[in-house]
Amino acid sequence: MTNEMQIDYRFKILYAMGTIMVVCGHTCGGGISIISDWFPYGGMHLALFVFCSGYFYKSETEECISKYILKKIKTLIIPLYFYTVVYGLIVQLLKIIGFEMGGGANYIL
């Protein structure tokens, strides 16, 4: 018996639409204001992501919550901190050679 995952392309399209809405919302429509006039991004993308997350919810995660939390820490939090530290180092190194990018460093240690 094979355990193949079925890909629901409808939700991949929804996620892509939500991502485009977030980008367009942060870039004032991305230069195409007619879409943002008819389709306000701010009220849609958050609800869309919440709906999609609920669709992919698995009740098996409730069996061992600590295991689920550790998995999320390993797959989400640690990569986020790693990326942030690497990005901060790159910004600081580029600042030394005269290329300004990003804001100033906040040292909260």
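Modeller: Residues are numbered from 1 along each chain as its sequence is written. In this predicted model, local features need pLDDT of at least 70 and side-chain atom pairs pLDDT 80 or more, while totals for chains, interfaces and linings use all residues, and side-chain values use heavy atoms, without hydrogens or water.

Biologist: Happy to start with the rings: how many aromatic pairs does the structure hold?

Modeller: Rings of Phe, Tyr and Trp (its six-membered ring) pair if their centres lie within 6.5 Å; planes under 30 degrees apart count as stacked, over 60 as edge-to-face and the rest as tilted. By that test, the number of aromatic pairs is two.

Biologist: How many residues apart in sequence are the parts that Phe11 and Phe51 tie together?

Modeller: These two rings are stacked, 6.0 Å centre to centre with 25° between the planes. Helices are DSSP runs (H or I, at least four residues), and strands (E) need at least two, numbered from the N terminus. Phe11 lies in helix H1 (residues 9–26) and Phe51 in helix H3, so the parts tied together are apart in sequence by 40 residues.

Biologist: Is Phe11 buried or exposed?

Modeller: Buried means under 20% relative accessible area, exposed over 50%, and partly exposed in between (1.4 Å probe, protein chains only). With a relative accessibility of 7%, Phe11 counts as buried.

Biologist: Where do Tyr83 and Tyr87 lie?

Modeller: Tyr83 is exposed at 54% relative accessibility, whereas Tyr87 is partly exposed at 38%. Four residues apart, about one turn of the helix, both lie in helix H4.
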